[in-house]
Amino acid sequence: MTVREQERGGGSGGREGRRGDRREGGREGRREGGREGRRDGDREGRQELPPQSPEEQARAICLRLLTGMPRTRRQLADALEKRGIPEEVSQEVLSRYEEVGLIDDAAFAGAWVESRHRGRGLARRALAQELRTKGVHATLVQEALEQLDSDQEEQTARELVERKLRATRGLERDKRIRRLAGMLARKGYPEGMALRVVRRALEQEGAEGADEDEDGPGYSGFSGF
């Protein structure tokens with residue numbers, strides 16, 4: 001290879017090296033610039049968000065809690081107090097939510113009575129205690145409980161005893177009465193009603209057992225077969 005060819009080769013290599021350096025430098029510069037730009041943008045974005053006012057915080061807390069399930073005004077007021085919202089701000093926001101129907105203690109109490117009586121078999125006394133602990137006003141509690149009358153309450157008590165009666169078989173009668181009546185008492189049923197329902201259920205069970213003994217096993221109701 002001649003000297004000129006070597007020079008041309010060296011020159012070509014030099015040009016390739018310089019182009020490679022420029023490409024690498026450009027890519028590195030763009031990457032660094034992109035990272036710096038994103039960091040600057042993030043910082044600017046964070047700086048542009050102003051801190052929430054107490055009113056905005058209160059509204060956000062209430063909406064988050066109301067999204068999960070209905071709440072009474074007292075429950076929401078307690079939640080705002082725990083999060084340090086000033087009382088005057090809390091009362092203003094809660095009053096506004098009452099005006100637009102997002103807080104309705106009367107509707108809450110009515111739905112609570114229906115759900116807890118049907119689902120758990122709770123009597124009026126237990127339901128009233130639960131509503132009071134949730135801050136529902138006594139007048140609204142009484143109005144909600146009016147949807148349950150004594151006949152419906154006693155019918156629910158009978159259904160509860162019938163479901164538990166089989167589990168007490170084999171125990172002495174007095175012990176069965178105490179256990180079943182105690183179950184009803186814990187659900188808020190008056191003592192007189194509880195004892196009456198339990199004794200009636202045991203008498204009916206005894207009458208049915210006597211009929212079975214009289215008929216005998218396998219009795220078909222016909223003779224001659």
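## A walk through an all-helix chain

Among contacts in this chain (heavy atoms within 4.5 Å) between residues at least 6 apart in sequence, 63% join residues at least 24 apart. Before going further, note that this is a predicted model, where local features need pLDDT of at least 70, side-chain atom pairs count only at pLDDT 80 or more, and totals for chains, interfaces and linings use all residues. Residues are numbered from 1 along each chain as its sequence is written, and side-chain values use heavy atoms, with hydrogens and water left out.

What does the secondary structure come to? Of the 225 residues in the chain, 28% are buried, with buried meaning under 20% relative accessible area, exposed over 50%, and partly exposed in between (1.4 Å probe, protein chains only).

Now for the inside. In soluble globular proteins, nonpolar side chains tend to be buried together. Here the largest nonpolar core has 17 residues, and those with the most contacts inside it are Val161, Leu165, Leu184, Tyr189 and Val198. A nonpolar core, by the way, is a set of buried Ala, Val, Leu, Ile, Met, Phe, Trp, Tyr and Cys residues joined through side-chain atoms within 4.5 Å. Helix 8 (150-165), helix 9 (173-186) and helix 10 (191-215) each put in at least two residues of this core, and helix 10 gives the largest share, six residues. Take Val198: leaving out residues up to four places away in sequence, Val198 touches Val161, Ile177, Leu180, Ala181 and Leu184. There's also a second, separate core of 15 residues, including Cys62, Leu65, Leu66 and Ala79.

The charged side chains are worth a look too. The structure holds 11 salt bridges, each one a side-chain nitrogen of Lys or Arg within 4 Å of a carboxyl oxygen of Asp or Glu. Start with Glu205, which is buried at 16% relative accessible area. Glu205 meets Arg169 in a salt bridge (2.7 Å, N to O). That pair links distant parts of the chain, with Glu205 in helix 10 and Arg169 in the loop between helix 8 and helix 9, 36 residues apart. Arg169 is partly exposed, at 44% relative accessibility.

Glu205 also forms a salt bridge with Arg176, with the closest N and O atoms 2.9 Å apart. Because Glu205 lies in helix 10 and Arg176 in helix 9, this pair ties together parts that are 29 residues apart in sequence. Arg176 is itself buried, at 9%, and its side chain makes a polar contact with the side chain of Thr168 (2.9 Å). A polar contact is a pair of N or O atoms within 3.5 Å; within protein, one must be able to donate a hydrogen and the other to accept it, and residues adjacent in sequence count only if both atoms are side-chain atoms.

Over in helix 8, Arg158 and Glu154 sit four residues apart, about one turn of the helix, and their side chains meet in a salt bridge (3.7 Å, N to O). Arg158 is partly exposed at 28%, whereas Glu154 is buried at 13%.
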